[in-house]
Amino acid sequence: MSDFDPFRNRLRKMARHFDKWARRQQLEAYRIYDADLDEFPVTVDRYADRLYVAVYERGERDLTETYRTHLTEVLDIPAERVHFKVRQRQSGNRQYEKLAASQEEFAVAEYGRQFLVNLSDYLDTGLFLDHRATRRMVGDQSRHKRVLNLFAYTCSFGVYAATAGAGRVDNLDLSNTYLDWGRRNFERNGIDSRDHGFIRADALQWLAQPVTERYDIIVLDPPTFSNSKMMADVLDTQRDHVRLIEGSLSRLAAGGRLYFSTNYRKFKLADELAGLAREITAQTLPPDFRKKNLHRCWVFDVD
Ligand SMILES: C[S@@+](CC[C@H](N)C(=O)[O-])C[C@H]1O[C@@H](n2cnc3c(N)ncnc32)[C@H](O)[C@@H]1O
């Protein structure tokens, strides 16, 4: 018996279960192994016929090639289709910039939509799988609505809203690279991106401006921390969430709803906001994400 046998057995079992589950749901991107065994702290996501693996190393040894071998053998996937997550840099300001130029973009299906992903050139893939259920929830409520998607990244929430028949979707992000990716996602789903907004701005600054437009649904899903040189100040979601949430609430039309989400594990919602919010984390965490607290999510409804 090799040291990796427990990992191999668990991986095989989880893959069998979630492959079947995903086929029934017509999902092409999902998690099959979620650091289920403490001795093997990795996550393994399927993106169609490829794997995307994040290794959370504790020691000095680089286990990437060892994991590649086991994944290739157990899941019967060619080694070149196993991608490893690019390691996070310590300095935050390069976090959202492009790392290489191989442009290996391909599409995965999710609940009838298509999303362009890239497993090798950026720090993230283009689609955050833990928000799949939240995206569907937003889509289900978006028909004929005006939707604002803050910290839009590749505009996946916006794609759900637009394909569900939203009247107008405004996507806002600091990065033109991601807004362009978002436009491609819209087009890929048969939506004319010229009918919607792609706003390059610092969300904090933008929200501080006078209100000129109101929305029925706002999605506010900021990164825990961001200090891009394009911003006037660093963004710290714990410190800034009251400003972000109040700025968003002031842009809601009567009867509107704000979705607020964070991945910050130690996040604490300010007391003055807690009475206005309803936590929906349990409904938004999909079954293939078994680690608790990966994200937390609240809705704010205004009269
Ligand atoms: C955690 S992702 C948001 C995920 C997105 N809501 C989704 O579901 O795919 C972070 C995004 O925030 C953007 N960003 C970071 N700081 C920003 C700021 N101050 N204003 C606007 N966007 C910002 C980054 O460019 C990146 O696209």
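Me: Does α4 pass α5 in a right-handed or a left-handed crossing?

Reply: Keep in mind that this is a predicted model. The contact is made by Ser156, Gly158, Val159 and Ala162 on the α4 side, with Gly182, Asn185 and Phe186 coming from α5. As α4 passes α5, the crossing is right-handed.

Me: And is α4 roughly parallel or oblique to α5?

Reply: Helix α4 covers residues 156-163 and helix α5 covers residues 176-188. Their axes sit 9 Å apart and the packing angle is about 30°. Angles under 35 degrees count as roughly parallel, so α4 is roughly parallel to α5.

Me: How many residues of the contact of α4 with α5 are charged?

Reply: Three residues of that contact are nonpolar and four are polar. The number of charged ones in the contact of α4 with α5 is none: there are no charged residues.

Me: How many bridges join β2 to β3?

Reply: Strand β2 spans residues 42-47, and strand β3 spans residues 50-55. The two run antiparallel, and Arg46 stands opposite Leu51 in β3. The number of bridges joining β2 to β3 is six.

Me: Is α1 parallel or oblique to α2?

Reply: Their axes come within 10 Å and cross at roughly 45°. Roughly parallel would need an angle under 35 degrees, and roughly perpendicular starts at 65. That makes α1, relative to α2, oblique.

Me: Last one: which residues come nearest to the ligand?

Reply: There are 20 residues around the ligand, and they divide into 12 nonpolar, five polar and three charged. The elements giving two or more residues to this shell are α4 and α6 (203-207). The residues that come nearest are Tyr153, Leu174, Ala203, Asp221 and Ser226.

Terms used. Residues numbered from 1 in each chain as written. Predicted model: local features only at pLDDT ≥ 70, side-chain atom pairs only at ≥ 80, totals over all residues. Axes fitted to C-alpha atoms, helices over the stretch in contact; angles between N-to-C directions. Helix = DSSP H or I, 4+ residues; strand = E, 2+ residues; numbered from the N terminus. Parallel < 35°, antiparallel > 145°, perpendicular 65-115°, else oblique. Left-handed = near helix turned anticlockwise from the far one by under 90°. Contact = placed C-beta atoms within 7 Å. Nonpolar A, V, L, I, M, F, W, Y, C, P; charged D, E, K, R; others polar. Near = placed C-beta within 6 Å. Pairing = 2+ DSSP bridges.
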